[in-house]
Amino acid sequence: MSPLERQDLWYLFFAYTALFVLMFGFLYRMFQSTRHLEQELALLRDEYRDEEDVDGPRGRGAGHPDVTV
Amino acid sequence: MTKRQTRVRTGTWWLWLMAAIWVVALYLNFIYTPDAKYLLSSERIFYVHMGSATAMTFVYGITFVASIGYLWRRRLAWDRWAAASAEVGTLLTTMVLVSGIIWGRTAWGSWWTWDPTITTTLILWVLFLGYLLLRDWTDDRERRARYASVLAIVAFFLVPLDYYAVYFLKSIHPAVITTHGVNLAPSMVLAMLVSMVAFMFLAAAWILIRLRLLAAQDYVQEIQDRVRTPLDSM
Amino acid sequence: MGRKYGAILLKDLQLEIRSKETWVAMVAFAFMVALVFGIAVNPVRVRLAPVFPGVLWVAYLFAGMLGVGRGFEQEARDDALTGLLVAPGDRLAIFLAKLTVAFVFMFTMELLVLPFMVVLLGEPMPGGILPLLAATLALGTVGFVGVGTLFAAMAANTRAGSVLLPVLLVPFSVPVLILATEATAGILGHVAPAVDPWPWLHALMAYDVVFLGLPLVLYEFIWEV
């Protein structure tokens with residue numbers, strides 16, 4: 001491998017690292033907005049908890065028989 | 001009345017860990033490893049190819065297990081795992097295909113060959129695009145989970161059959177890991193392994209973020225369903 | 001179980017005999033594929049005989065995709081499927097009846113289209129191979145219809161189901177396409193290195209077993225009360 005090729009590889013390394021950092025930035029921002037959303041939903045969940053139990057399986061239960069096809 | 005606080009996990013250390021591993025992997029890929037004997041620098045795309053292919057296998061494994069889990073336990077959490085992993089798996093399959101096509105062009109001189117492994121990967125890609133379409137086009141949340149699980153399970157049995165059906169064509173895909181051990185220089189093995197780990201971490205981070213977003217989405221849906229009176233929806 | 005199966009089978013066949021919707025659409029489609037192919041590929045320049053099995057199966061599978069979805073679409077129209085589901089008797093009967101109907105339609109279509117294909121694409125069909133060829137057609141059709149009925153039942157309840165069904169079915173028809181085409185080529189017997197059809201037929205049988213068995217395990221999850 002000639003020194004010139006070596007240098008090319010360094011450039012490639014930097015280029016791809018820059019690309020990765022860019023994509024990581026997007027990923028990080030996506031995660032931040034997800035966390036933001038989660039926090040707001042957590043507030044909502046706390047408000048609803050007093051009304052009824054939010055956990056447990058969804059569906060209307062035996063009181064509302066319904067055919068799913 | 002005491003109000004319990006729902007806690008939101010806020011840690012980001014796993015994202016930073018992923019980033020660090022990636023920089024190391026890129027360094028090993030470009031600087032640490034020597035050129036391959038005949039393929040020269042072009043073989044460096046192999047690390048991307050191998051990494052995404054390994055991560056893809058694991059991620060589709062998660063889809064399969066989560067689909068069985070959903071049909072068994074009927075918890076939407078299982079379905080969210082299946083959905084997130086299928087999305088990430090489709091992206092990884094795209095990476096595998098693109099890197100494979102570019103590599104095939106430099107190594108074999110043709111963009112595409114109808115080799116069993118390559119063809120099966122393409123079929124897998126089409127299959128999971130169909131899976132994502134099915135998810136998107138099924139409106140009822142519970143039914144979406146059910147249908148998607150059924151499709152994922154059938155797909156799991158299709159893939160090996162596809163492979164053996166195409167196997168009768170001459171296989172030219174290089175076997176890097178054979179039963180006789182790994183067929184690479186030691187420094188390349190290190191770069192390959194770190195690359196695999198990096199892709200696994202990337203896939204895991206993606207899946208975790210998607211999971212949390214999907215959970216939030218499901219909860220919003222749940223509230224919307226509750227705000228509507230039962231008579232409306234019947 | 002047996003009575004419900006018979007009743008649905010009879011109903012669908014009767015409906016088809018009276019309306020002739022699916023049957024005509026499938027045959028016309030397969031015929032059109034042969035026609036378009038014969039025109040698009042210049043038969044003077046290209047020898048059609050080696051590609052004949054491939055064209056045959058492409059026409060069959062696409063026509064089959066057209067037909068396999070109809071069985072559930074017509075039930076969805078007036079929510080008749082709910083009626084079938086809540087009717088007494090095992091639901092396996094519904095699934096098996098729909099599967100049988102789809103098979104009968106597709107297989108009949110194949111037999112009807114075969115002479116057209118042979119004539120249009122100038123296939124020197126040797127006599128005496130018809131029983132084996134018919135068996136190959138039946139095996140390929142079973143493999144296609146088994147998973148096709150499962151997906152048709154799902155597609156009937158999704159938005160744009162008629163678009164979704166081919167997308168889902170194409171990956172699943174790849175093994176059928178390969179195995180059945182090779183077997184057909186072997187039976188017709190004029191490809192350069194002679195192909196033994198039996199390994200392909202055996203593989204096709206194995207595929208049929210897997211992809212008839214899986215839908216029979218999983219169909220329960222499609223309909224739930």
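Student: At what angle do helix H3 (residues 76-107) of chain B and helix H6 (residues 186-227) of chain B pack?

Tutor: This is a predicted model, in which local features need pLDDT of at least 70 and side-chain atom pairs count only at pLDDT 80 or more, while totals for chains, interfaces and linings use all residues. Residues are numbered from 1 along each chain as its sequence is written, chains are lettered from A and ligands numbered from 1 in the order in which they are written, and side-chain values use heavy atoms, with hydrogens and water left out. Helices (H or I, at least four residues) and strands (E, at least two) are DSSP runs numbered from the N terminus, and axes are lines fitted to C-alpha atoms, for helices over the stretch in contact, with angles running from 0 to 180 degrees between N-to-C directions. For H3(B) and H6(B) the axes are 9 Å apart, and the packing angle is about 135 degrees.

Student: Which word describes how H3(B) and H6(B) lie to each other?

Tutor: Angles under 35 degrees count as roughly parallel, over 145 as roughly antiparallel, 65 to 115 as roughly perpendicular and the rest as oblique. The angle here is about 135 degrees, and H3(B) and H6(B) are therefore oblique.

Student: How many nonpolar residues does the contact of H3(B) with H6(B) have?

Tutor: Contact means heavy atoms within 4.5 Å, and the residues that make this one include B:Trp81, B:Leu91 and B:Met95 of H3(B), and B:Phe199, B:Trp206 and B:Leu214 of H6(B). In sorting them, Ala, Val, Leu, Ile, Met, Phe, Trp, Tyr, Cys and Pro count as nonpolar, Asp, Glu, Lys and Arg as charged, and the others, Gly among them, as polar. The contact of H3(B) with H6(B) has one polar and four charged residues, and its nonpolar residues number 15.

Student: Is H1(A) roughly parallel or roughly antiparallel to H1(B)?

Tutor: The axes of helix H1 (residues 3-49) of chain A and helix H1 (residues 13-32) of chain B come within 9 Å and cross at roughly 165 degrees. That angle makes H1(A), relative to H1(B), roughly antiparallel.

Student: How many charged residues are in the contact of H1(A) with H1(B)?

Tutor: Among the residues that make this contact are A:Arg6, A:Trp10 and A:Phe24 of H1(A), together with B:Trp14, B:Trp22 and B:Phe30 of H1(B). The contact divides into 21 nonpolar residues, one polar, and, as for charged residues, one.

Student: Is the crossing of H4(B) and H8(C) left-handed or right-handed?

Tutor: Helix H4 (residues 116-137) of chain B and helix H8 (residues 161-188) of chain C pack at about 155 degrees, with their axes 9 Å apart, and they are therefore roughly antiparallel. A crossing is left-handed if the near helix is turned anticlockwise from the far one by less than a right angle, and right-handed if clockwise. The crossing of H4(B) and H8(C) is left-handed.

Student: How many polar residues are in the contact of H4(B) with H8(C)?

Tutor: This contact includes B:Gly130, B:Tyr131 and B:Trp137 of H4(B), and C:Val163, C:Pro171 and C:Phe172 of H8(C). By class there are 14 nonpolar residues and no charged ones, and the polar residues number one.

Student: Which residue with a positive phi follows H2(B)?

Tutor: Helix H2 (residues 45-73) of chain B has 29 residues and reaches 41 Å from its first C-alpha to its last, close to the 42 Å expected at 1.5 Å a residue, the expected span being 1.5 Å times one less than the number of residues. Most residues other than glycine have a negative phi, and most peptide bonds are trans. In the loop between H2 and H3 of chain B, the residue whose phi is positive, near 60 degrees, is B:Arg74.

Student: What is the relative accessible area of C:Ala160?

Tutor: C:Ala160 lies in the loop between helix H7 (130-155) and H8 of chain C, and its phi is positive, near 50 degrees. Buried means under 20% relative accessible area, exposed over 50% and partly exposed in between (1.4 Å probe, protein chains only). C:Ala160 counts as partly exposed because its relative accessible area is 39%.

Student: How many helices does chain C have?

Tutor: Buried residues make up 49% of the 225 residues in chain C. Its secondary structure has zero strands, and its helices number nine.
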